[in-house]
Amino acid sequence: MPDNDVIAAAKERLEQSGLPSTWLDIPVHWGVKAKEQATPENGGLRFQMLNVDVYGEVPEYWDNNTEIPRGAVPDTRTEQMGYSIFNKAEVWSDLCADLYEDAIADRWNSSADIPWDSLEPIGADLERAVCQIATLMSEYGWTKAQTTGRWLQEISYGYIEVKLFLGTVVFDAARMFEVWRKRALANGGGMGRGGRNWKFLPLTQSYTFSEFVVASIMHDSMLLTLLRRGEQLARTDAERRIYQLCEQDLERHLAYFVDHMRYLMLKEPVRREEIHRYMNKAEWYLAKDGDDTLYSALAVIMGDGREGAEEAMADVAELRREQIETYLGYLRQCHLADRQDRLNEELRKWAGMVELEEEEKIPV
Amino acid sequence: MVTADKLNELQLEPEAPELDLSWLNLDTVWGVSAEPGRKGLTLQQINKTIYGEIPTTSEDSSARPRGAAPPEGATPRMTPWVLGDATETFSDSAALLYDEAVSRQWSSATDIPWDTLDELPEDIERAMVQLCTSLTEVEFIAGDVPGKWLPRIAADHFESGLFLMSQVMDEARHTDVFRKRALANGGGLLLQGGGGGLRQILEAEDFTQMSSMLHILGEGFVQSLFRLGELIAHNEAEKRIFRLAAQDESRHVAYGVTHLKYTLEHEPEKAEEVHWTLDMFEDTLVDPDQANPGLAGALVYLLGDGDVDEGWRLFWHVRRKQVLEYLHRLDVAGLGGRLETGRLHPSLAGALDEN
Ligand SMILES: [Fe+2]
Ligand SMILES: [Fe+2]
């Protein structure tokens with residue numbers, strides 16, 4: 001319980017000095033003691049432990065356009081800060097606070113955590129192919145950081161957990177950009193050819209956060225499938241480690257994107273058709289990008305040189321099929337199983353799915 | 001429901017991508033290698049040959065990394081515009097500061113000795129949670145700002161982009177750690193700060209203006225304060241918070257100073273514009289109407305450990321240090337003379353006369 005005498009005396013001293021004391025009049029939700037849960041076995045003081053009392057109440061609609069911390073008392077003179085997202089369903093996932101702490105616990109350093117000294121000459125074609133893949137990975141890291149970063153100024157403090165987590169996504173993406181650049185420039189190679197970038201437009205052009213999220217689910221799930229083949233693709237321990245670490249980061253990102261989309265579909269099922277439109281767009285751009293550089297470079301690696309590339313294309317096709325399958329699998333997790341029947345025609349071919357006639361469509 | 005059997009039955013051979021090996025014969029610079037050094041393989045070590053040459057201007061709004069060959073065929077513009085002039089965003093130290101940021105990440109969950117937070121007298125606990133309420137608020141905006149600018153950084157100037165990405169991460173941690181302190185020890189969040197220049201930083205539409213306000217003056221003041229965190233802290237946990245946050249702020253300030261230096265070396269005519277921005281921002285910072293009613297009172301109260309007169313004395317000691325360090329940073333950036341020419345806001349200049 002507040003000790004009124006101590007506070008009254010403090011107020012008096014401040015006022016005598018001409019200092020504001022109104023902050024001492026604020027009713028404190030006294031007794032919130034997150035430190036009590038913070039034990040080494042619990043992973044220290046994790047953000048989720050703060051979510052007690054009023055501080056853990058995440059409102060469906062947040063009505064303050066300033067940077068006021070959730071649970072603080074407003075100063076009504078504060079200017080609006082231009083946030084545009086005040087709807088919990090648009091950004092929320094219960095996993096954010098934990099994913100944020102996990103990202104920090106999993107942090108790595110491309111300078112010191114990659115066994116760079118394991119790099120050794122791997123032959124001209126393979127080095128070209130690895131550098132080509134590295135160039136495209138860098139591009140994706142850059143795009144991911146830029147397009148995620150721009151949403152920060154849209155999201156209000158009401159959903160602070162989301163913003164903290166997105167901060168880690170930006171940082172992970174920065175590392176993805178630079179670790180692959182390092183790989184390209186460390187082993188006697190150089191940069192390859194940039195991609196056409198049409199496929200990134202659904203990320204850069206998104207008008208709503210959920211649009212950005214579905215485009216991210218598509219790109220990330222395809223990339224994750226590729227990263228999971230690291231064992232097969234890596235020629236050195238350094239590359240193996242890069243694949244593993246990027247995979248671990250991307251899994252966290254997808255965990256959030258998917259859980260958020262599941263939340264949105266449950267809360268606002270009326271948006272299903274709208275979300276399908278965004279997927280139509282994302283898939284269309286991916287299909288029409290028509291840049292086979294990535295898959296050709298993979299074929300050179302899997303075929304152990306350009307001579308074996310043609311034959312390795314069957315393996316690459318299988319990888320691309322898996323990519324689509326992974327994407328659809330994640331969509332099933334967010335109650336978007338019906339995407340299976342609405343997938344872009346070109347991507348259906350990649351996946352080896354039959355072209356469905358209207359009347360044959362499988363009920364889901 | 002789609003059964004596995006049904007899917008298998010419908011499965012065709014996946015279509016294979018077309019094999020295109022033209023990228024095996026690019027004329028990008030080839031044959032570069034880099035050896036890891038004492039700190040591993042840093043950005044500095046791969047910034048060699050053409051790959052380390054920073055173009056003074058870049059027209060490329062795509063994600064194509066510096067030195068990569070352009071794609072074949074039609075390509076779209078990714079953003080309507082990027083800040084193509086290096087003078088807009090570049091800093092010679094950005095790569096180094098990014099490397100440092102990556103190696104000095106810390107965890108507010110596990111690197112703060114939360115168990116040292118003992119019960120504090122109620123007035124002190126209230127003052128501390130008020131200070132932390134104001135700080136989590138300030139740090140929140142400090143993360144929004146670099147996020148806003150990220151899409152406008154040219155991939156050719158990726159070092160600045162990477163630095164800003166690391167700042168987004170650092171500020172997330174600061175927003176988080178001050179919220180944690182406010183809610184860890186029996187207090188809670190108190191009065192919103194409101195004003196004090198946050199909006200001015202966010203709304204700036206010129207990168208160098210923004211950076212002068214955020215990195216040099218705003219974070220500069222915050223860093224000077226955090227470095228004196230011993231005066232505010234009552235236990236190891238609080239000391240560690242201020243120490244670790246100060247370390248991060250040093251990088252943010254260093255970026256601002258080196259960016260301004262780079263800009264002024266290449267575009268000395270921009271000096272007056274930056275002076276003008278600082279005139280406005282200093283004015284905002286000391287404007288009594290913009291003052292954060294919680295922040296000043298709580299800070300003085302904590303500095304004096306409840307003795308308000310002693311708190312005031314130490315407040316001016318802090319302010320004097322903030323102003324001296326601010327002027328020094330401007331000197332280093334090549335924007336000296338604000339004090340000598342009488343341009344520094346009188347109430348900041350006045351702080352220099354104190355003790
Ligand atoms: Fe900060
Ligand atoms: Fe900062």
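Student: How much space lies in the largest pocket?

Tutor: About 1000 Å³, where a volume is the space filled by probe spheres set on grid points joined across faces, edges and corners. This is a predicted model, in which local features need pLDDT of at least 70, side-chain atom pairs count only at pLDDT 80 or more, and totals for linings use all residues. Residues are numbered from 1 along each chain as its sequence is written, and chains are lettered from A and ligands numbered from 1 as written.

Student: What makes the site of the iron ion (ligand 2) irregular?

Tutor: Its four donor atoms make angles of 89 to 164 degrees.

Student: Which residues are its protein donors?

Tutor: B:Glu171, B:Glu219, B:Glu249 and B:His252, lying 1.9 to 2.2 Å from the iron ion (ligand 2). The cut-off for N, O and S donors is within 2.8 Å of the metal (3.2 Å for Na, K and Ca), and sites may look incomplete because water is not among the atoms. B:Glu171 also bridges to the iron ion (ligand 1), with the two ions 3.1 Å apart.

Student: Why is B:His252 called buried?

Tutor: Buried means under 20% relative accessible area, exposed over 50%, partly exposed in between (1.4 Å probe, protein chains only). B:His252 has 0%, so it counts as buried. B:Glu219, at 4%, is buried too.

Key: Heavy atoms only, no water. Tetrahedral: all angles 85-135°; square planar, octahedral: opposite > 155°, others 65-115°. 1 Å grid on protein atoms, 1.4 Å probe; cavity = no way out; pocket = protein on both sides within 12 Å on 5 of 7 lines; lining within 4 Å.
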